[in-house]
Amino acid sequence: MRTLLTEAELREGVIRLARQIESQYQGKTLTIVAVMTGSLVLLADLMRMIRLPLRVGVIQASSYRGGTVSGDLVTESEMLLNVCDHDVLLVDDIFDTGRTLDHLTQLLQTRGAKSVASAVLLHKLRKHEVTMRPDFSAFEIPDEFVVGYGLDFLDMFRNLPHLAVLDPTEIEAARKQAKS
Ligand code: IMP
Ligand code: MG
């Protein structure tokens with residue numbers, strides 16, 4: 001596995017993100033809605049670095065069903081907190097096709113949020129399928145499949161402290177590992 005971003009680089013990126021978010025929401029109470037499960041590690045780090053009155057909730061969305069290719073989007077909003085009349089920041093691990101954040105932005109708007117913005121750790125440089133873009137992002141990365149720091153392949157590798165690129169032979173090996 002090739003390391004794309006080290007633990008130290010990730011930390012600096014998350015600090016940068018936190019400072020940008022703070023300056024944008026000065027004097028306000030912010031409601032973070034984190035997209036599970038990929039943003040789990042980012043959420044834990046980011047929320048402790050944001051010095052603002054903060055509400056935190058989660059929503060579940062998955063588009064990678066068992067592979068590296070984006071499939072149908074499945075969302076589960078049962079655990080979503082009340083967003084009506086709140087300034088909401090969607091937090092996700094990565095902006096890839098963009099369909100997840102595009103869909104969730106609209107969902108939060110229909111739930112009556114006062115404002116909806118989005119923050120991601122990674123912005124994949126590829127052709128996106130939507131017109132919206134995240135308001136905050138820490139790193140731009142090439143169009144490769146990455147794991148670690150919360151990002152998974154078949155629910156594996158989320159626990160890596162750094163961000164790594166999986167090459168095709170490793171993808172095959174990981175597929176076997178995930179089954180055993
Ligand atoms: P989008 O809807 O295509 O933007 O995809 C966003 C979701 O796909 C993210 O929340 C991730 O969970 C997942 N995803 C996209 N690219 C990668 C990747 O390179 N590695 C792991 N997960 C990814
Ligand atoms: Mg995700």
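Predicted model: local features only at pLDDT ≥ 70, side-chain atom pairs only at ≥ 80, totals over all residues.
Helix 1 spans residues 7–24 and helix 2 spans residues 40–49. Two packed helices are described by the angle between their axes and the distance between the axes. For helix 1 and helix 2, the angle is about 50° and the axes lie 9 Å apart. Helix 1 and helix 2 are therefore oblique to each other, and their crossing is right-handed. On the side of helix 1, the contact is made by R11, V14, I15, L17, A18, R19, I21 and E22. Helix 2 contributes L42, D45, L46 and M49 to this contact.

The loop that runs between strand 2 and helix 2 deserves a look of its own. Strand 2 covers residues 30–36, and T37 is found in the loop that separates this strand from helix 2. The peptide bond leading from M36 to T37 is cis, with omega near 10°. S39 is found in this loop as well, between strand 2 and helix 2. With a relative accessibility of 0%, S39 counts as buried. Once its neighbours within four places in sequence are set aside, S39 is in contact with A34, V91, D92 and D93.

Turning to the rings, a search of the whole structure finds 1 aromatic pair. The ring centres of F145 and F153 are 6.0 Å apart and the ring planes meet at 80°, so the pair is edge-to-face. F145 counts as buried at 13% relative accessibility, and F153 counts as buried at 0%.

I94 has its place in strand 5, which runs over residues 87–95. The relative accessible area of I94 is 16%; because buried means under 20%, I94 is classed as buried. Apart from neighbours within four places in sequence, I94 is in contact with V120, L122, K124, I141, V146 and L151. I94 and L121 are separated by 27 residues in sequence, and their C-alpha atoms are 6.0 Å apart in space. S118, in turn, lies in strand 6, which is made up of residues 115–124. This serine is buried, with a relative accessible area of 1%. Leaving aside neighbours within four places in sequence, S118 is in contact with L89, L90, L101, M132, R133, P134, D135 and F136.

The loop between strand 8 and strand 9 holds two further residues of interest. Strand 8 consists of residues 146–147 and strand 9 of residues 163–165, with F157 found in the loop between them. F157 has a positive phi of about 75° although it is not a glycine. At 14% relative accessibility, F157 counts as buried. G148 lies in this loop too, between strand 8 and strand 9, and is buried with a relative accessible area of 0%. Not counting residues up to four places away in sequence, G148 touches F157, R158, L160, H162 and L163. G148 can also be placed relative to G38: these glycines are 110 residues apart in sequence and 9.3 Å apart in space, C-alpha to C-alpha.

D85 is found in the loop between strand 4, residues 74–76, and strand 5. D85 is exposed, with a relative accessible area of 55%, whereas F157 counts as buried.

Finally, E172 is found in helix 4, which extends over residues 168–179. At 39% relative accessibility, E172 counts as partly exposed. Between E172 and K114 there is a separation of 58 residues in sequence and of 45 Å in space, taken from C-alpha to C-alpha.

Conventions:
Residues numbered from 1 in each chain as written. Chains lettered and ligands numbered in written order. Heavy atoms only, no water. Phe/Tyr/Trp six-rings, centres within 6.5 Å; stacked < 30°, edge-to-face > 60°. Buried < 20%, exposed > 50% of the residue type's maximum accessible area, 1.4 Å probe, protein only. Axes fitted to C-alpha atoms, helices over the stretch in contact; angles between N-to-C directions. Helix = DSSP H or I, 4+ residues; strand = E, 2+ residues; numbered from the N terminus. Parallel < 35°, antiparallel > 145°, perpendicular 65-115°, else oblique. Left-handed = near helix turned anticlockwise from the far one by under 90°. Contact = heavy atoms within 4.5 Å.
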